[in-house]
Amino acid sequence: MNLVFSSIHRLAPCSSLRFILQPSLSLSLSFSTNRRLSFRPFSLRSRAMASHVVGYPRMGPKRELKFALESFWDGKSSAEELQKVAADLRSSIWKQMADAGIKYIPSNTFSYYDQVLDTTAMLGAVPPRYGWNGGEIGFDVYFSMARGNASLPAMEMTKWFDTNYHFIVPELGPDVKFSYASHKAVDEFKEAKALGVDTVPVLIGPISYLLLSKPAKGVEKSFSLLSLIDKILPVYKEVVTELKAAGATWIQFDEPTLILDLHAHQLQAFSHAYSELESSFAGLNVLIETYFSDVSADAYKTLTSLKGVSGYGFDLVRGTQTLDLIKGGFPSGKYLFAGVVDGRNIWANDLASSLSTLQTLEGTVGKDKIVVSTSCSLLHTAVDLVNETKLDKEIKSWLAFAAQKVVEVNALAKALSGHHKDEAFFSANAAAQASRKSSPRVTNEAVQKAAAALKGSEHRRATTVSARLEAQQKKLNLPILPTTTIGSFPQTLELRRVRREYKAKKISEEDYVKAIKEEINKVVKLQEELDIDVLVHGEPERNDMVEYFGEQLSGFAFTVNGWVQSYGSRCVKPPIIYGDVSRPKPMTVFWSSTAQSFTKRPMKGMLTGPVTILNWSFVRNDQPRFETCYQIALAIKDEVEDLEKAGITVIQIDEAALREGLPLRKSDQAFYLKWAVHSFRITNSGVQDTTQIHTHMCYSNFNDIIHSIIDMDADVITIENSRSDEKLLSVFREGVKYGAGIGPGVYDIHSPRIPSTEEIADRVNKMLAVLETNILWVNPDCGLKTRKYPEVKPALKNMVAAAKLLRTQLGSAK
């Protein structure tokens, strides 16, 4: 089935969704827009203040898109039903912003999976393995690129800058034939227009698209991706021309790579691209949006020198130095889209402070040229505080989710105009800010002192990793190429039901503990049957690897619907760190000890590391992040030492998000790595040599921080490797010496595909070419929580078979 995922044409009062199923086959689905939404024509435009939102979450306030996608992928619902959920979500978002008075409302920020993948579809840059033969790109090809299928691996997935959102990495080479193959941007603009909402279509800019891509398999790694710029610009011109014909008056190009440390030739390519596009911009206003950090002085100069561009968007929350650049000179007659409302966190904006910043900028830019905006897309924050009925009232008064941030943006725009300041709204905001500063629940003096005392020490284990590995091997007696998994096992519907009912007090603690023990026993028996060497308990008691720990630590608050998209349909619910962090009592010791009692094999104690807890939470913004991280490290240290006392001799402290938190500008990176690595070492510096400390990292490019990873001084590191074409292994080929244990993932768990024994053995052999046999571990590249048992069992069976096959071969070779 080749089902077009982008073409939605709305007619009033009735709309028609047309789907191409096969070249010769089509069907239509009609429905009344009035039945679902009571839209009035968008008369607010005339009195809307100069306000703008960079982008908005697409999952829905109750994860409606997640459930629709998974139902469609499981074959339980049709493409038409998925399309309807998507259309409803888009229209409700546009209406919400229109009703709030936002002037510049984004469209094409909705995605069925990922906005970079949408751009790949728009450009027709489909890798040949997916068998696409032209025409509008449909769901089958689109989701195969994102997720893989029974016979083909997915495209690589990696972190979107320093966020916990993942994007699908384009695979490009000199022979890629670009063509306009997805009309999604135009279709969604028309869809909004038919509902009476005039939007600003958003496109990933051509330079950021190329710089975020990678050379396709078989293409020289040195291939210049920017050499393709003149091949992709014709498609961008077609899109711009169509948008203009459809009635667009503004277009937003997201160019977040402008905040990176770019070379002169990259900035030159940027100037060249927009000069080439200039002719197609005639009659249009063009906004170039940057976010996540400061822009450099050179990038600022390049950006503000562009002709044919009407406005520039800057993150003024994380990019405070950009303020100085703007004050030093801003091009006359251009618009400044001032990102003063934080799109990355859930704290209510300090409206008085933001208004002061905006008023200062007025003097440089001009009153009629400032547009109040979010610092980045609100994709990275939770959707709507209204749905948080169980949240503590005081803490709730300190927060703003995406829906509330839209209101903040407009309140600031109205106040800046000088005529419409909502005094009651500003007054309530000031009271909430004061309450947060003075609340006794935020500060714990003992924790502050303990964290402050850490700064003078290195916190290293007393002996070298090679000496420790020797002591551990005597105790554990593992074979070469030992097998393990990363921690979690599938979370079945039954398991989720048990946890849900226990939380709702529908079942007793006794019944809950019994059910979880049975699940752990089942997972242990399965691993023993598969003959895995180092076992895990499967984490059936855990909802999420960060939330689970946060619920047992002081200084954390939790939401019911504070979901944020991580990738595809996967959402996370970050806890909120509002105060000083400490551990009132042991968190995992009971479950790990229970699991160990079911087996004679080593059982890993499973913990989330301090840097990951920090980076995957909404973190307090009233003290430096490293201070909060040190507090969490001390809490995890207590847990590690209690696990050791309970007889757990292998302890995994996951730092999946260590690389993700790396600042985007090189000048800021050394300081971050110093305190992040130190925080990890604090957690395990007190254990015996015979206790083996593992850590796990996933979905990031580690090559540039490999020396910091070595400095973490873990005994074994398991690391994502399978989707990135063994990119990680290149650092060892280039001569980096690594003496600790290492398990580069041998298969991709984010795809339903089951790898064969031969394929896994081949992957391990590639590792053996650059790594010593005695340090290599065999494991999947991430936890198995999101997979189903019919996929997990054969995949693990093949993984163990591959390890045994190679052990036999290595034994014969000796």
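**Close-up views of a predicted model**

**View 1. Phe314 and its neighbours.** Leaving aside residues up to four places away in sequence, Phe314 touches Glu289, Thr290, Val295, Tyr300, Leu303, Thr322, Ile326, Phe330, Leu336, Phe337, Ala338 and Gly339; contact here means heavy atoms within 4.5 Å. This is a predicted model, in which local features need pLDDT of at least 70, side-chain atom pairs count only at pLDDT 80 or more, and totals for chains, interfaces and linings use all residues. Residues are numbered from 1 along each chain as its sequence is written, and side-chain values use heavy atoms, with hydrogens and water left out.

View 2. A nonpolar core is a set of buried (under 20% relative accessible area, 1.4 Å probe, protein chains only) Ala, Val, Leu, Ile, Met, Phe, Trp, Tyr and Cys residues joined through side-chain atoms within 4.5 Å. Which residues touch the most other members of the largest core? They are Trp160 and Phe314, in a core of 105 residues. Helix α14 (residues 402-417) gives the most to this core, nine residues; helices are DSSP runs (H or I, at least four residues), and strands are E runs of at least two, numbered from the N terminus. A second, separate core has 103 residues, including Val498, Phe556, Val619 and Ile636.

**View 3. Helix α10 under cover.** Within α10 (residues 297-304), the residues Ala299, Tyr300, Thr302, Leu303 and Thr304 are buried. Their cover includes helices α9 (264-277) and α11 (320-327), along with strands β10 (285-289) and β11 (311-315).

Conventions: Buried < 20%, exposed > 50% of the residue type's maximum accessible area, 1.4 Å probe, protein only.
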